[in-house]
Amino acid sequence: MDTDVLIIGAGPAGIVAAIETASKGLNVTIIDESNLLGGQLRQQTQMLQSLPSPYQSMRGFELAQDLTNQLTQFPIRYLLEHRIIGIYANGSLGITDELNVFPIMAKKIIVATGATENAISFPKWTLPGIMTIGAAQTLVNRDFVIPGKSAVIVGSTDFAMDIIHQLIDVGINIKGIIEQQPTIQAREMKKVNELYDIGLPFYVNASIKEARGIGEVKEVDIQLQDRVFTEYVDLVLVDGGRSPILDLFYQLNCSFGFGDKLGGWVPSYNQSFQTSVNDVFIAGNATGISVHGALLITGKIAATSVCEELEVLSREEAEKQSAELWKELESREYTDVFQERIKHIESYKSPMLKNQFIS
Amino acid sequence: MDKTKIICRCEEISYEEIEEVVGHGAKTFDDIKRLTRCGMGPCQAKTCTNLVAMVIHEQTGTPLSEIPLPRIRMPLSPIKLETLATNSTTFSTVKSVLDELELEEGRVK
């Protein structure tokens, strides 16, 4: 199987990249392990505020629908419920539909594999009933399953604040939010204050000392600076932040840099969102964890670069388009994240990890 | 901190087991993996990579940016051998570990 552009990951960044490249007449294939397009957007019921023009502020699943509708105008090849297993010596990628494996050869690859939630460990964190907060969101909004009656939340990012509101809406009793740092990590204070106002306890400089239960979590000991107390819960939701998913970049022999605010190790890329491997581009949360608006813009920039390289967009046009998108990215994303992204790009030529795969 | 807590949930490797091999000189995720099976279960280190990096950081003071990623090999996620064997007669899905090496006159360069 051959294609001009192979897009890996059908979340917001991947879909935008598909729309941009396919609208220039390129032959586009998009692959995702899920059975539907939209990625994480599908279970996001929160309003997304930072979307770039022409998108109005809308809910995650609505954006997924909007993006999917735009895709239908173009003759794109969909490989849903397909996974990449690795790369072969001739540069083709091995793809499985769970029955067989077949190779696909692409002129350009855009990897938009997104991010994964980080775990937080404490004694008995492997008990059933303890899961990431994103897993709880998937259960509630996608599968219509309420994972528990009363919960404590470990971590306090914006991602968690959005989901806590949704959990309260379906009747889950939130007994407290535990943050290890001295301050709440969320930046959208409006959402935090709404939770304060309904009397939800926030504990800072706090952690879970231990969880207990036989076969499932029944209680947790919460360690504060001056005391320990026990809460009786059947759900512990951990919010350890998110990190880019790197497996495929590693397999493709991409180099990596490190950025705390981007989520840790991040594949190296330049202003065109081109990785250290010429034909491999990157988009979305894999470029560093950011707001939804930024995911869409990075997908557009990567696609613009690919269009230029495949000569369906003139150099001047691509540069102009890219410069505008970069301006918009700067205006949509948190300043410290944007600055770390720039720093990451500046270290493109001197990555911290390189030639990992072939040693 | 209770050091009996699990770090690698697939292989049930605890903080203290990792601490012990770090004490013996393990510096990277792969060192720890080879000594303890940490990261060798069904999730193939997808859950514990960052947790293990934190243990190394706490035990040795090495900044997280100097603790390399674990080696990530094909297949990227679990696959049935039956599937990997494929029905194609023109395409070999199986990749030898030797594909990772550069050979010169039959020897590793």
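**Exercise 1.** With which residue does A:Glu308 form a salt bridge, and how far apart are the closest N and O atoms? Classify both partners by accessibility.

*Solution.* The structure is a predicted model.
- Step 1. The partner of A:Glu308 is A:Arg315, and their closest N and O atoms are 3.9 Å apart.
- Step 2. The criterion requires a side-chain nitrogen of Lys or Arg within 4 Å of a carboxyl oxygen of Asp or Glu, so a separation of 3.9 Å qualifies.
- Step 3. A:Glu308 has a relative accessibility of 27% and is therefore partly exposed.
- Step 4. A:Arg315, at 58% relative accessibility, counts as exposed.

**Exercise 2.** Determine which parts of chain A are tied together by the salt bridge between A:Asp336 and A:Arg187.

*Solution.* 
- Step 1. The closest N and O atoms of A:Asp336 and A:Arg187 are 3.1 Å apart, and the pair forms a salt bridge.
- Step 2. A:Asp336 belongs to helix H9 (residues 335-346) of chain A, whereas A:Arg187 is in the loop between strand S12 (173-178) and helix H5 (189-197) of chain A; the pair therefore ties together parts that are 149 residues apart in sequence.
- Step 3. Both side chains fall into the partly exposed class: A:Asp336 has 23% relative accessibility, and A:Arg187 has a relative accessible area of 39%.

**Exercise 3.** Describe the pair formed by A:Lys218 and A:Glu216, then identify the residues linked in a network of salt bridges.

*Solution.* 
- Step 1. A:Lys218 forms a salt bridge with A:Glu216, with 3.4 Å between the closest N and O atoms.
- Step 2. A:Lys218 has a relative accessible area of 44% and is partly exposed; A:Glu216, at 37%, is also partly exposed.
- Step 3. A network of salt bridges links A:Glu210, A:Arg212, A:Glu219 and A:Asp221.
- Step 4. Over all chains, the count comes to 22 salt bridges.

**Exercise 4.** What are the helix and strand contents over residues 4-287 of chain A, and which confidence values accompany the complex?

*Solution.* 
- Step 1. An unreviewed UniProt entry annotates residues 4-287 of chain A as "domain: FAD/NAD(P)-binding".
- Step 2. Over residues 4-287, chain A is 21% helix and 32% strand, and the end C-alpha atoms lie 22 Å apart.
- Step 3. The predictor assigns the complex an ipTM of 0.92 and a pTM of 0.94.
- Step 4. For chain B, the mean pLDDT is 89, and 88% of the residues reach 70 or more.
- Step 5. Where pLDDT is low, predicted coordinates should not be read in detail.

Notes:
Residues numbered from 1 in each chain as written. Chains lettered and ligands numbered in written order. Predicted model: local features only at pLDDT ≥ 70, side-chain atom pairs only at ≥ 80, totals over all residues. Heavy atoms only, no water. UniProt positions renumbered as here; feature names shortened; annotations may be inferred. Helix = DSSP H or I, 4+ residues; strand = E, 2+ residues; numbered from the N terminus. Buried < 20%, exposed > 50% of the residue type's maximum accessible area, 1.4 Å probe, protein only. pLDDT = per-residue confidence, 0-100.
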